[in-house]
Amino acid sequence: MGPAPAGEQLCGAIVEPEVMEPALGGTGKERKKAFSRKRTLAEPPAKGLLQPVKLSRAELYKEPTNEELNHLRETEILFHSSLLRLQVEELLKEVRLSEKKKDRIDAFLREVNQRVVRVPSVPETELTDQAWLPTGVRVPLHQVPYAVKGCFRFLPPAQVTVVGSYLLGTCIRPDINVDVALTMPREILQDKDGLNQRYFRKRALYLAHLAHHLAEDPLFGSVCFSYTNGCHLKPSLLLRPRGKDERLVTVRLHPCPPPDFFRPCRLLPTKNNVRSAWYRGQSAAGDGSPEPPTPHYNTWVLQDTALESHLQLLSTMLGSAQGLKDGVALLKVWLRQRELDKGQGGFTGFLVSMLVVFLVSTRKIHTTMSGYQVLRSVLQFLATTDLTVNGISLCLSSDPSLPALADFHQAFSVVFLDSSGRLNLCADVTASTYHQVQYEARLSMTLLDSRADNGFHLLLMTPKPMIRAFDHVLHLHPLSRLQAACHRLKLWPELQDNGGDYVSAALGPLTTLLEQGLGTRLNLLAHSRPPVPEWGISQDPPKHKDSGTLTLGLLLRPEGLTSILELGPEADQPEAAKFRQFWGFRSELRRFQDGAIREAVVWEAASMSQKRLIPHQVVTHLLALHTDIPETCVHYVGGPLDALIQGLKETSSTGEEALAVAVCCYDDLSRLLWGLEGLPLTVSAVQGAHPVLRYTEVFPPTPVRPAFSFYEPLQERSSLLPRLDKPCPAYVEPMIVVCHLEGSGQWPQDAEAVQRVRAAFQLRLAELLTQQHGLQCRATATHTDVLKDGFVFRIRVAYQREPQILKEVQSPEGMISLRDTPASLRLERDTRQLPLLTSALHGLQQQHPAFSGVARLAKRWVRAQLLGEGFTDESLDLVAAALFLHPEPFTPPSSPQVGFLRFLYLVSTFDWKNNPLIVNLNNELTVEEQVEIRSDFLAARAQLPVMVIVTPQDRKHSVWTQDGPSAQILQQLVVLAAEALPMLEKQLMDPRGPGDIRTVFRPPLDIYDVLIHLSPRHIPRHRQAVDSPAASFCRGLLSQPGPSSLMPVLGYDPPQLYLMQLREAFGDLALFFYDQHGGEVIGVLWKPTSFQPQPFKASSTKGRMVMSRGGELVMVPNVEAILEDFAVLGEGLVQTVEARSERWTV
């Protein structure tokens, strides 16, 4: 993860405590360079903050010009706001080609044209006689079967035409592709070339001959083959210029037949043009039944005949309407961010261009509309129109010889006909892809209608890769297994139609099968086929099995996800046989409580984490049963991160059940408190205030029963004391509960007196709980510890007016005023805000079951990076909550895995300097209030913490980040998240399995100046480490929990106590970092300011030695003595102190 640069940044950043630089993109190294570069500039202290533009009075009140008035009127009519117009214009400026680059591309195209028409001709030979081909060139097509009738000769193209988006001005950077159609002379083709791949064979040979001659030309830096939109029958030749312009443009050569060469009636979707006798070596059927239609094959031929007519149609419609062109460019950006235009069957930019033409022709879009309005109109159309059910057509002709839309629906999943009425533009688009487009369009329309401030950024600037958009993904690898699936599913006609491409043939039936099986668990199923890579002209074309991996994304429904039962029809219903056939041996008859006897499938899942992975069982079972794809070929990625938050002995559970047990115990205790008799004042409220009670404790507590052999009993206090000759006992943290008492005039008005009364209540509470319910209690002046069912609760009595009493300040004149004090703020936070937050997040967990796993994974990762001390539990819980309350442009996560990836993305890309993170709990904040919060934030930015998190109960102060993180710690977290995200996504998308998933959780240790290694014997949470030890010490817990008569040792964690001593003694010289979950290492960073020589003072010689510099006595840190003190302070706990003295002059 490249820790060294991050560490250097952290070290250097300590010099001046200023507001953090935002990290919005780029790699960690790029950010580091930018960060260090910015630091060297002499700027005002608030650099990087957004500031209002200063205008003189004359400029401020100057009358607007006519041009400005027109501009404002246009903005009001054509856009939501001036900001949106500016954003759209800036984006279009970024993705459009500059005039200078267009000139260079035009010059290159002229050179290509001259060279293509000069390629020498070749005499006529049989199609199967390919000996004339030069030795360095391979035919870019799988010629299976090889034998085919017909002759071929090469002649230079009759016409060279630039087609596609380049001429229209709608192509977008960074990848500029220019499509060039080469019209093959009629002499090359024969009447029946539409049959049995003859046309495609000639097309491939034509390209092979071109490739050989163009590859020898010094103009081209790269000459290679690629498939057109992933179609294996239609290769194209890619040309790139040599030298500095190599990345400027890719010219794609597409051979095509002369106009009107093929008879359109022969290429209808109901016709057959690949004979079974030729393709399979046998007739279709012995009973003389008709040949199966080949609609996809026919479409691919038709596509080549329509290249110029489509260009003419597009240029007629879009030619002079700049708004339409802008709209097409924005739609292409929208598709690219969602990866919808990738691979075979993608929803390409050409399709959205034709969709704009259709909407113009049906008057749903006007040529005077702005690009933004075109974007909205197209998204609205996609969101509300299902082309898998009701196809559309650009054809205005009423010719009865044209096929009906129903014929196309029978042959294709998605139907959108061009102006000829014969070509389906969406022939390659699968139903799954179109439903994904529809789904994304609906989400985008909801986002646009909300008129959110950051709507533009979320819609067009936020990438949505599959691994981050879908809850679970699965990889089918190797692809050759789909060949067996085609045989099992009897897909011979589809194979014949797709030219032997068994991946395309099996994809539709495969997705339909899984959609049916997953049923109510599934919201959306999408597939991703990466584009087949380019290949050299001397190489054979990639085989179908080499075309990457087939990846399926599952967007799950939380409400149906965890059901272990698939309920079928009653046994005597006719549908029962179909149910049994579909589920195979998994289906069994069961009697239910209502007396019904039904077919049912029951899945094995005991814990919540196993229930989340039931789709894995469904998918592997159905694929093995119906397609002969074994489980070993299905690499399911749904829960690899679960291992990081699993309990010590529970490898099948991620702790939700243990958390629920603890919450149930708390509910029982709160009922006991409500029902207590004998308290002078009644209990008015009992509220939890601990991460366990909001389901976000990384490792939930388990009921404890101490083994007395590990302790010295203190009978007078009914307590235990750890024995020195035993390993450190298990860590037990009490769960904080706030108990509010009713108001009364008897409460004193003095702060100290209130504390004494509260202490009396704490004692009385312990007495009553012991007397009335037999609970083991221990009371102090500030809290009462209660042992119930093996869990320890720390009850704190609260009086609602106490914070106000602490705010009262008396002036010398005797006037009393209210002013916030540290004590009042702390008390208000602990007794009012923390219980409210815990309650709100508890409710969020009930609404979104994945919240617990996401928050716990996030905290586990932050602490594993040794940065846990800088962030409160509550701040990290709120960042995780934001992923569920404001998931745009995604939907709320249904699995911890995808939620954690989005957490890393949010942390690494959010502009913490210029924006507050608004977490709208219970949807209490209106849009107007959020706007007001943002303006207040900018006005008071200098007084606010580095990281600002706003909730409905905390709108101005960001109480959960007041004490941290510092600018440098937050910057370090941003850098680490930006490096961890692509690494983890790459691991999860690896079809061979994710490998070692713990890599991104391991901290970068080489950034630290000193490492203090601790003894595992005295680390109570040693087994919670990222790399859990194979063996550890017994921690003094009995395996069978039961009632205990003595209170266990609470909060005893030697490493944390050691850290407190280190910070107290050496906090002015160094920063200390530690992973509280079983870390064996404390990282130490020296503060650079502490190494600057200081004038000699007898009062501040701690940790320093006196040296003579230039005749003056100065003090510098005595590093050797400090390191020795580290070891002395931690005697018994510290194993070694590893100094990295090369970083600093000792």
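**Aromatic pairs**

Reply: This is a predicted model, and the structure holds 28 aromatic pairs. Take F347 and Y434: their rings sit 6.3 Å apart, centre to centre, with 50 degrees between the planes, so the pair falls between the 30 and 60 degree cut-offs and counts as tilted. F347 belongs to the loop between α12 (322–337) and α13 (349–361), while Y434 is part of helix α16 (residues 431–449), so this pair ties together parts that are 87 residues apart in sequence.

Next up are F900 and F1001, a stacked pair with 5.5 Å from centre to centre and 20 degrees between the planes. This one also links distant parts of the chain, 101 residues apart: F900 is in helix α32 (residues 896–909), and F1001 is in the loop between α34 (967–988) and β29 (1010–1014). Both of these residues are buried.

Rings can join up beyond twos as well. Y199, F200, F261, F262 and Y297 are linked by ring pairs into a cluster. As for helix α8, which spans residues 198–215, 16 of its 18 residues are buried, so the helix is mostly covered. From first C-alpha to last α8 reaches 26 Å, close to the 26 Å expected at 1.5 Å a residue.

Technical notes. Residues numbered from 1 in each chain as written. Predicted model: local features only at pLDDT ≥ 70, side-chain atom pairs only at ≥ 80, totals over all residues. Heavy atoms only, no water. Helix = DSSP H or I, 4+ residues; strand = E, 2+ residues; numbered from the N terminus. Expected span 1.5 Å × (residues − 1). Buried < 20%, exposed > 50% of the residue type's maximum accessible area, 1.4 Å probe, protein only. Phe/Tyr/Trp six-rings, centres within 6.5 Å; stacked < 30°, edge-to-face > 60°.
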